[in-house]
Amino acid sequence: MTENLLPRRPSIHRLLQGRTDKLLIVAGLGSAIWDAESAGENPLNYYLLGAMGSVVPTALGLALAQPERRVLALTGDAELMMGLYALPTVAVRRPANLSIVCIDNGRFGETGKQVAHTAEGVDLAGIARASGFPIVREVYNDDGIDALRTALYRAEGPQFAVLKVSADMPPVVMPIRDGSIGKSRFREALLGERGLKE
Amino acid sequence: MAETAAAEPNWREEIYRALKELEIKQVHFVPDAGHAHVIDRCLEDREIEAGMLANEFESVGVCCGAWLGGQRAAMLMQSSGIGNIAHAMGLATSGRFPFFAIVTMRGEWGEFNPWQLHGGQSAEKILEAAGVAVMRANYAHEVADMVLAGARLAFNSYCPVAVLIGQRVIGAKVFK
């Protein structure tokens with residue numbers, strides 16, 4: 001890829017600018033979490049620090065349960081690749097409120113930046129298109145990010161977007177790591193007391 | 001070979017009724033012939049969001065995501081897919097999420113296809129190693145209670161539970 005690549009973290013911050021409680025975020029596995037957390041702590045973010053490949057399925061279950069909210073699956077290219085069949089599944093189940101944003105740096109970032117599939121030519125947007133996503137975007141610049149941000153809240157999805165970013169590794173911004181605490185905070189913020197007592 | 005059919009409870013319909021009683025709002029599946037009736041009933045039920053997955057792996061995320069959003073979900077699958085869910089189960093165990101699967105067994109009771117042995121014979125060990133509580137119905141009259149109790153364990157105690165429906169209940173597939 002010789003296109004102008006986006007700077008990773010500023011692009012995610014731009015995407016999440018002016019975020020409202022209408023938007024629920026599921027993020028993983030590593031770098032996507034640090035990006036989301038650095039944009040501001042929010043109990044309506046759920047982070048997967050393991051179970052690689054499960055970000056999109058988790059966002060799908062959430063989107064189906066909360067049709068009045070908007071759901072963002074924020075993931076990396078290698079995380080997505082491990083659970084790739086989630087793309088055709090989402091395309092078939094068609095949750096209109098779900099956006100998948102893949103931060104594609106073409107690397108296994110957390111393990112030493114080894115070259116990953118997308119750097120060897122695998123076209124995730126093409127896979128999403130072929131799976132039947134009604135909206136597919138490849139984002140290379142700020143205008144694209146701004147359009148995607150609007151679409152996060154409005155698009156008749158599901159939509160799939162690839163952010164082509166450079167392979168730099170911004171500083172780790174560690175969230176609460178306990179998945180159980182994250183779950184309880186999320187459910188309390190979304191469902192109120194019932195979320196804790198059910 | 002229909003000598004026992006008339007006396008058996010309609011365990012397939014009882015599973016569907018149990019899902020309704022449990023107020024399960026999402027049903028996901030990778031189809032198995034043993035689940036065909038429940039799948040059809042759920043697909044035609046407007047109160048249940050039912051649909052297919054491509055791989056059992058996805059079921060852990062989807063069901064945990066449903067719980068994040070305040071809904072109960074169930075997964076219907078065959079024993080051959082158990083190996084696919086072991087890795088993803090870390091989401092349910094690390095997050096203390098409820099996860100509830102009903103698994104129709106192959107590779108045990110008069111199985112014809114030797115390739116089913118692998119999944120069937122390893123299913124319980126894999127589930128237990130992955131932190132999933134395993135319950136089993138060996139007879140048709142046990143199915144409904146096992147489904148109700150297994151789901152309550154999952155949703156009330158926030159843990160992954162699999163209810164296995166023995167191949168003896170389903171009947172071995174006969175190829176002619």
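**Two chains, helix against helix**

Biologist: What are α3(A) and α3(B) to each other, roughly parallel or oblique?

Modeller: α3(A) and α3(B) are oblique to each other, because they pack at an angle of about 40°. Oblique is what is left after under 35 degrees (roughly parallel), over 145 (roughly antiparallel) and 65 to 115 (roughly perpendicular). This is a predicted model, where local features need pLDDT of at least 70, side-chain atom pairs need 80 or more, and totals for chains, interfaces and linings use all residues. Residues are numbered from 1 along each chain as its sequence is written, with chains lettered from A and ligands numbered from 1 in the order written.

Biologist: How far apart are the axes of α3(A) and α3(B)?

Modeller: The axes of α3(A) and α3(B) are 6 Å apart. Axes are lines fitted to C-alpha atoms, for helices over the stretch in contact, and angles run from 0 to 180 degrees between N-to-C directions. The crossing of α3(A) with α3(B) is right-handed (near helix clockwise from the far one by less than a right angle; left-handed if anticlockwise).

Biologist: Which residues of α3(A) and α3(B) make the contact?

Modeller: From α3(A), they include A:Leu60, A:Gly61 and A:Leu64. From α3(B), they include B:Gly61, B:Val62 and B:Ala66. Contact means C-beta atoms, placed from the backbone, within 7 Å. By class, that contact has 11 nonpolar, four polar and one charged residues. Nonpolar is Ala, Val, Leu, Ile, Met, Phe, Trp, Tyr, Cys and Pro; charged is Asp, Glu, Lys and Arg; the others, Gly among them, are polar.

Biologist: And the whole interface? How many residues of chain A are in contact with chain B?

Modeller: 32 residues of chain A contact 29 residues of chain B. On the chain A side, β2 (45–48), α3 (55–65), α5 (86–93) and α8 (179–191) each give two or more residues. That side has 17 nonpolar, 12 polar and three charged residues. Helices (H or I, at least four residues) and strands (E, at least two) are DSSP runs, numbered from the N terminus.

Biologist: What are the scores?

Modeller: ipTM is 0.96 and pTM is 0.96. Chain B has a mean pLDDT of 94, and 93% of its residues reach 70 or more. pLDDT is the predictor's confidence in each residue, from 0 to 100.

Biologist: Chain B's sheet, then. What is the strand order?

Modeller: The order is β2-β1-β3-β4-β6-β5 in chain B, an open sheet of six strands with parallel pairing. β2 (49–52) and β5 (133–137) of chain B stand at the edges with a single partner strand each, so one side of each has no neighbour in the sheet. From one strand to the next, the twist averages 20°. Strands pair if DSSP finds at least two bridges between them.

Biologist: How many bridges link β4 and β6 of chain B?

Modeller: Six bridges, in the parallel sense, link β4 (residues 99–104) and β6 (residues 160–165) of chain B. B:Phe100 stands opposite B:Val161 in β6(B).

Biologist: Which strands does α7 of chain B touch?

Modeller: Helix α7 (residues 143–157) of chain B packs on the sheet and touches β4, β5 and β6 of that chain. The direction of α7(B) makes about 170° with that of β6(B).

Biologist: What about α1(B) against α7(B), roughly parallel or antiparallel?

Modeller: α1(B) and α7(B) pack at about 25°, with axes 9 Å apart. They are therefore roughly parallel to each other. The crossing is right-handed. B:Trp11, B:Glu14, B:Ile15, B:Ala18 and B:Glu21 of α1(B) meet B:Val143, B:Ala144, B:Val147 and B:Leu148 of α7(B). That contact has seven nonpolar, no polar and two charged residues.

Biologist: At what angle do α1(B) and α2(B) pack?

Modeller: Helix α1 (residues 11–21) and helix α2 (residues 36–43) of chain B pack at about 40°, axes 8 Å apart. So α1(B) and α2(B) are oblique to each other. Their crossing is right-handed. B:Arg12, B:Glu13, B:Ile15 and B:Tyr16 in α1(B) meet B:His37, B:Val38, B:Arg41 and B:Cys42 in α2(B). Here the classes give four nonpolar, one polar and three charged residues.

Biologist: Where does A:Lys113 lie?

Modeller: In the loop between β5 (107–108) and β6 (114–115) of chain A. Phi of A:Lys113 is near 60°, a positive value in a residue other than glycine. Most residues other than glycine have a negative phi, and most peptide bonds are trans.

Conventions:
Contact = placed C-beta atoms within 7 Å.
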